[in-house]
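Subject: Structure handover

Hello,

Here is the structure I promised, with my notes below. Please read them with the model open.

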Amino acid sequence: MIVFGLGNPGPKYSKSRHNVGFMAIEKLAAQEGLSLRKRCLHSYKWARKGSLTLVEPLTYMNNSGLVFPSLVKGEDMVVVIVDNMDLPVGRIRVKNGGGDAGHNGLKSIIGRIGRDFLRIYVGVGRPDEGVAVAEHVLSAFPEDDLDRLDASLDKAVEAVKALIAGEKLSNVIQRANTF
């Protein structure tokens, strides 16, 4: 199984809504005792433990798909953890396959490997009236959302761990979507 967390590299974006994929990957890596490292001459950070591979593309969100083709070959399951504005902070949704829903990171991935991968959406909420989408997703979470954000990251990690343990995908989807 290979699990990608989407986000933008660098400290400027580290706490932004768009980086919830990176946040989830880092939380999972810490729980598994792994350290993400940049591969020489590659545009990603990664860690591996047994059949589990964790990846953070360093190509910026809109070009996330660039690293996928060479990494997903031969993988039995591809999972992408990504932000979703249609979900409130604190909620996650697990979905197998589908479109890009206007998300440029997913559009980049679909353009490289097709639609057949599992998505774990982490809610980041909608922008306030008058706030542009780009401004919203590139901004940090307000202090009063941090506990709900942490809970949703825990749920995303829990979903990945259930898949690693061999739980049926339908059960993982059902449980995640009822949080």
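The hairpin of S3 and S4 has 2 residues between the strands, and Gly 50 in this hairpin takes a positive phi near 60°. Helices and strands here are DSSP runs, numbered from the N terminus (helices H or I, at least four residues; strands E, at least two). S3 and S4 pair in the antiparallel sense over 6 bridges. Two strands count as paired if DSSP finds at least two bridges between them. Trp 46 stands opposite Val 55 in S4.

Before the rest, the ground rules. This is a predicted model, in which local features need pLDDT of at least 70 and side-chain atom pairs count only at pLDDT 80 or more, while totals for chains, interfaces and linings use all residues. Residues are numbered from 1 along each chain as its sequence is written, and side-chain values use heavy atoms, with hydrogens and water left out.

The sheet

The sheet is open, with 7 strands in the order S2-S3-S4-S1-S5-S7-S6 and mixed pairing. Strand S2 (37-38) and strand S6 (92-96) stand at the edges; each has a single partner strand, so one side of each is left without a neighbour in the sheet. S2 runs antiparallel to strand S3 (residues 44-49), and 2 bridges join them. Arg 37 has Trp 46 as its bridge partner in S3. The hairpin of S2 and S3 has 5 residues between the strands, and Leu 41 there takes a positive phi near 65°.

His 42 also sits in the loop between S2 and S3. His 42 is partly exposed, at 34% relative accessible area. (Buried means under 20%, exposed over 50%, and partly exposed in between, with a 1.4 Å probe and protein chains only.) His 42 and Pro 57 are 15 residues apart in sequence, and their C-alpha atoms are 9.3 Å apart in space.

Strand S1 (residues 2-5) pairs with strand S5 (residues 78-84) in the parallel sense, over 4 bridges. Ile 2 has Val 78 as its bridge partner in S5. H1 packs on the sheet and touches S1, strand S4 (52-57), S5 and strand S7 (118-123); its direction makes about 145° with that of S4. H5 packs on the sheet too, touching S1, S4, S5, S6 and S7, and its direction makes about 165° with that of S7. Contact means heavy atoms within 4.5 Å. Axes are lines fitted to C-alpha atoms, for helices over the stretch in contact, and angles run from 0 to 180 degrees between N-to-C directions.

Helix against helix

How do helix H1 and helix H5 cross? The axes of H1 (residues 20-31) and H5 (residues 146-164) come within 9 Å and cross at roughly 60°. The two helices are therefore oblique to each other. (Under 35 degrees counts as roughly parallel, over 145 as roughly antiparallel, 65 to 115 as roughly perpendicular, and the rest as oblique.) On the H1 side, the contact includes Val 20, Met 23 and Leu 28; on the H5 side, it includes Leu 149, Leu 153 and Val 157. By class, the contact of H1 with H5 has 9 nonpolar, 1 polar and 4 charged residues. (Ala, Val, Leu, Ile, Met, Phe, Trp, Tyr, Cys and Pro count as nonpolar, Asp, Glu, Lys and Arg as charged, and the others, Gly among them, as polar.)

H5 also packs with helix H6 (residues 169-176), at about 165° and with the axes 10 Å apart. H5 and H6 are therefore roughly antiparallel to each other. Glu 158, Ala 159, Ala 162 and Leu 163 of H5 meet Leu 169, Val 172 and Arg 175 of H6. That contact has 5 nonpolar, no polar and 2 charged residues.

Ser 152 lies in H5. Ser 152 counts as buried, at 0% relative accessibility. Leaving out residues up to four places away in sequence, Ser 152 touches Gly 90, Arg 91, Ile 92 and Val 122.

In helix H3 (residues 104-113), Gly 105, Leu 106, Ser 108, Ile 109 and Ile 110 are buried. They pack against helix H2 (68-72), S5 and S7. Gly 114 follows H3 and has a positive phi, near 90°.

Most residues other than glycine have a negative phi. Tyr 60 is not a glycine, yet has a positive phi of about 70°. Tyr 60 is in the loop between S4 and H2, and is partly exposed at 43%. Ala 101, also not a glycine, has a positive phi of about 50°. Ala 101 lies in the loop between S6 and H3, and counts as exposed at 72% relative accessibility.

Best wishes
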